[in-house]
Amino acid sequence: MGDTGTPDGGTWGACRFCGVAVRAGASRCEICGAERPLRAGEIATAPRRLRRRLKLTGILRSMLVVGVIAGILYAVVSAEISGPPNLSSDPLSTTGSYLLSPGNFTVISGEITGGDYVLGNFTAVDPVGLNVSLAVYNSTGWTAFAGHLGSDPVWALDPAPSGRIVYSAPVTDNYYFVFSNPYPSSTHFLIDVYVVTQYETNVATGGGFM
């Protein structure tokens, strides 16, 4: 009987192109679509170059599978060791370093429930000793400040190289902690300021922060 171009019945062959196993009776590779896969009996007598390619393809495929399994195991083990991510529950609980150019500012904002408070500190770390200003605005004051209109902060500290933050909100609102470089642009002073803030609830004590 003549050659039909299909693998022997009941025997798996191999794709000539990608090397993947081909089921019995298939006339083309179900993975890459290449026609006339090798019968099982033809693999041993195939040209040497083809056999080497099939062997190399099998090795690469095995390495890929092992790599995927290793990656999954690493991710699972790492998650078990490190535990759940430690995410800040409030935008006013932060730690960061901010670069302030002369006359410019950075802001940390979030809602504070009336009676709750924010603790923290800031320090000019580079250059050491230069002053930084801190002003806290409520939502109304911030709108005016951002629009370059006259606005008084609800709390502020005099310019200093470092300062302690202790602010208790009288009412629930969005509050904006504005850290400013008070020097004029002619000084060219760039200040790297390190800021730590922590939102604290006053529910347990039932009163305002003192």
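Student: Which backbone oxygen lies 2.7 Å from a polar atom of the side chain of Tyr175?

Tutor: The backbone oxygen of Val171 lies at that distance from the Tyr175 side chain. Please note that this is a predicted model, in which local features need pLDDT of at least 70 and side-chain atom pairs count only at pLDDT 80 or more, while totals for chains, interfaces and linings use all residues. Residues are numbered from 1 along each chain as its sequence is written, and side-chain values use heavy atoms, with hydrogens and water left out.

Student: Is Tyr175 buried or exposed, and which strand holds it?

Tutor: Tyr175 is found in strand β9; strands here are DSSP runs of E with at least two residues, helices are runs of H or I with at least four, and both are numbered from the N terminus. Its relative accessibility is 2%, so Tyr175 counts as buried. Buried means under 20% relative accessible area, exposed over 50%, and partly exposed in between, with a 1.4 Å probe and protein chains only.

Student: What does Tyr175 touch?

Tutor: Not counting residues up to four places away in sequence, its contacts include Ile108, Gly110, Val136, Val154, Tyr167 and Pro170. Contact means heavy atoms within 4.5 Å. Gly110 is 65 residues from Tyr175 in sequence, yet their C-alpha atoms are 5.7 Å apart.

Student: Which sheet contains β9?

Tutor: β9 belongs to an open sheet of 4 strands in the order β4-β9-β6-β7, with antiparallel pairing. Two strands pair if DSSP finds at least two bridges between them. β4 and β7 stand at the edges with a single partner strand each, so one side of each has no neighbour in the sheet. Neighbouring strands of this sheet are turned by 15 degrees against each other on average, direction ignored.

Student: How many bridges join β4 to β9?

Tutor: There are 8 bridges between these antiparallel strands. Thr106 stands opposite Phe179 in β9. On this sheet packs α3, which touches β4, β6 and β9, and its direction makes about 45 degrees with that of β9. Axes are lines fitted to C-alpha atoms, for helices over the stretch in contact, and angles run from 0 to 180 degrees between N-to-C directions.

Student: Now the sheet with β10. What is its strand order?

Tutor: This open sheet of 4 strands has the order β3-β10-β5-β8, again with antiparallel pairing. Its edges are β3 (94-100) and β8, each with a single partner strand, so one side of each is left without a neighbour in the sheet. The twist averages 20 degrees from one strand to the next.

Student: Where does Phe122 find its bridge partner?

Tutor: The partner of Phe122 is Gly163, in β8. β5 and β8 run antiparallel and are joined by 7 bridges.

Student: Which residues have the most contacts inside the largest nonpolar core?

Tutor: They are Ile112, Phe122, Val132, Phe177 and Phe179, in a core of 22 residues. A nonpolar core is a set of buried Ala, Val, Leu, Ile, Met, Phe, Trp, Tyr and Cys residues joined through side-chain atoms within 4.5 Å. β4, β5, β6, β8, β9 and β10 each supply at least two residues of this core, and the largest share, 4 residues, comes from β10. Beyond four places in sequence, Phe177 touches Leu92, Ile112, Leu134 and Ile165, among others.

Student: Turning to backbone geometry, which residues does a cis peptide bond join?

Tutor: The bond joins Asp126 and Pro127, with omega about -5 degrees. Pro127 is found in the loop between β5 and β6.

Student: What is the phi of His148?

Tutor: His148 has a positive phi of about 60 degrees although it is not a glycine. His148 lies in the loop between α3 (139-146) and β7 (155-160), and counts as exposed at 75% relative accessibility.

Methods: A polar contact is a pair of N or O atoms within 3.5 Å; within protein, one must be able to donate a hydrogen and the other to accept it, and residues adjacent in sequence count only if both atoms are side-chain atoms.
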